[in-house]
Amino acid sequence: MLHRLLRSSAAVLHTTRARTSLRPAAISPLPSPASLTHHIRSLNTHEYQSQKLMKAAGINCPNGNVAETPGEAQKIAEVLGSQDYVIKAQVLAGGRGKGSFDSGLKGGVHLCSTPQEVRDFATGMLGHNLITKQTGAKGKPVQKVMVTERKYLRKEMYLAILMDRSHGGPAVVASPFGGMDIETVAKENPSAIHVEPVDIMKGISPEITSRVAAKLGVSTAKIPEFQDQLTKLYNFFIKNDCTLLEINPLAETASGEIMCMDAKLNFDPNAGFRQKEIFNMRDRTQEDAREVAASEYDLNYIGLDGSIGCLVNGAGLAMATLDLITLHGGSPANFLDVGGGATQKQVMEAIKIISSDTNVKAILVNIFGGIMKCDIIAMGLIAAVKELNIKIPLVVRLQGTNMVEAKKIMEDSGLRIIAADDLDEAAKKAVRMAEIVTLAGQVKLDVQFQLPL
């Protein structure tokens, strides 16, 4: 949740989708639409995976293990032999504690006092979907649970490390108010959010770790251990090509340890070639199947919940297209940027992905040909319409390189493709078509579209 939080502490909150974080005035804005042009978004790991990686780097985390069955969960608790336990559903979404399962169980994080209680909670979690404020109505499947010893905390803090554009390198973000919604802290008490930039060429220094410890109010006797743990966290962040390392809470336990009680890690999608072990941890079951398919064809796709599918080249143009659809009363079903050098095959696959969404009632194609050639788009569209036998209306606006050739290709195809020269006109037509198809579906009418419209 870090970039979103950081922005809110500067009284500017920006969200691209339900997984970003925190940022005060010293931190640069969230990625602009252009940042969506990476064909794979940041890799996220489950909490149990994150803690395993961190423990290997000498970072303190609670003892525990991961289970795939209720029996395994009970056995882990028995082996731990703790007085109390914590069981956590493993999903790639925030808000687990306040979520609910389709099994009827409330909450994805529970305290337990016996191994049998651990087993009972695991039964209500495993094989069920957990619905949180970040998952959407369907929720996400829980295939694993993490069982750990319970630690009693004397002090809870917030700590994160991220790449900060304004300083041209990493920054440590910290708050003495941990274990709570850090976005709320940033909004209501921005002075409680502290930022320490780090010179990436020099690394984190004892002076920086000492300042962070002071701002967090770490006990005097625990400052050396805190500095050691923060140094290890920073080195872990750099070594593993992280874009985000977030610990909430980082705690002083009642037994006097500095410990990471929770962990969220994001990794640079461009670092897969040298972080193969980490990238092999990718859990595709937690991802939108359409987004997974899009990444395989180097397409930039984000599923939304509207009725108008969008295929656009360029992230900025795509965002403008979504805005115009909304302005005219429609609702976009996706963000899809085919990029500047898309092939006919990529265009066809893009249409396949968009049309696989049963909520889509019309498709708007908006191409401004520069590097991208309009005739390539036209051939891909025609191939997709013929192969998939698409029944929903297709509104196409092509401008730029080879647009004359593209229009001729579409005219000669004999297909009912609705052309538009102006983006505003194209958006209006797409909204109108989606409304017609939706209304027809409600009264179970089969609508056939004839040109001209």
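How are helix 11 and helix 12 oriented to each other, oblique or parallel? In this predicted model, the two helices are oblique to each other. Helix 11 spans residues 344-355, and helix 12 spans residues 374-388. Their axes lie 8 Å apart and form an angle of about 45°. The crossing of helix 11 and helix 12 is right-handed.

Helix 11 contributes Gln344, Val347, Met348, Ile351, Lys352 and Ser355 to this contact. From helix 12 come Ile376, Ile377, Met379, Gly380, Leu381, Ala383, Ala384, Glu387 and Leu388. By class, 10 of the residues in the contact of helix 11 with helix 12 are nonpolar, three are polar and two are charged. The spacing of such residues follows from helix geometry. An α-helix has 3.6 residues a turn, so residues three or four places apart point the same way.

Helix 10 covers residues 315-327, and helix 14 covers residues 423-442. They pack at an angle of about 55°, with 9 Å between their axes. Helix 10 is therefore oblique to helix 14. The crossing of helix 10 and helix 14 is right-handed. On the helix 10 side, the contact involves Leu317, Thr321, Leu324 and Ile325. These residues meet Leu423, Asp424, Ala427 and Val431 of helix 14. Six residues of the contact of helix 10 with helix 14 are nonpolar, one is polar and one is charged.

The chain as a whole sets the context for these contacts. It contains 14 helices and 20 strands. Of its 453 residues, 51% count as buried. Contacts between residues at least 6 apart in sequence were also considered; 67% of them join residues at least 24 apart. The chain exposes about 20,200 Å². Carbon and sulfur atoms supply 53% of that area.

Helix 2 is mostly covered, with seven of its 10 residues buried. The buried residues of helix 2 are Glu47, Tyr48, Gln49, Ser50, Gln51, Leu53 and Met54. Gln51 has a relative accessible area of 3%. Residues under 20% count as buried, so Gln51 falls in that class. Which residues is Gln51 in contact with, leaving aside its neighbours within four places in sequence? The contacts of Gln51 are Cys61, Pro62, Met146, Cys260, Met261, Asp262 and Ala263. Just after helix 2, Gly58 takes a positive phi of about 85°.

Gly203 sits in the loop between strand 11 (194-197) and helix 6 (206-216). The relative accessible area of Gly203 is 18%, and the residue is therefore buried. Not counting residues up to four places away in sequence, Gly203 touches Val198 and Tyr234. Gly203 and Tyr234 are 31 residues apart along the chain. The C-alpha atoms of Gly203 and Tyr234 are separated by 8.2 Å.

Notes. Residues are numbered from 1 along each chain as its sequence is written. This is a predicted model: local features need pLDDT of at least 70, side-chain atom pairs count only at pLDDT 80 or more; totals for chains, interfaces and linings use all residues. Side-chain values use heavy atoms; hydrogens and water are left out. Helices (H or I, at least four residues) and strands (E, at least two) are DSSP runs, numbered from the N terminus. Buried means under 20% relative accessible area, exposed over 50%, partly exposed in between (1.4 Å probe, protein chains only). Contact means heavy atoms within 4.5 Å. Accessible areas come from the Shrake-Rupley method with a 1.4 Å probe; for residues, only the protein chains shown count as cover. Axes are lines fitted to C-alpha atoms, for helices over the stretch in contact, and angles run from 0 to 180 degrees between N-to-C directions. Angles under 35 degrees count as roughly parallel, over 145 as roughly antiparallel, 65 to 115 as roughly perpendicular and the rest as oblique. A crossing is left-handed if the near helix is turned anticlockwise from the far one by less than a right angle, and right-handed if clockwise. Ala, Val, Leu, Ile, Met, Phe, Trp, Tyr, Cys and Pro count as nonpolar, Asp, Glu, Lys and Arg as charged, and the others, Gly among them, as polar.
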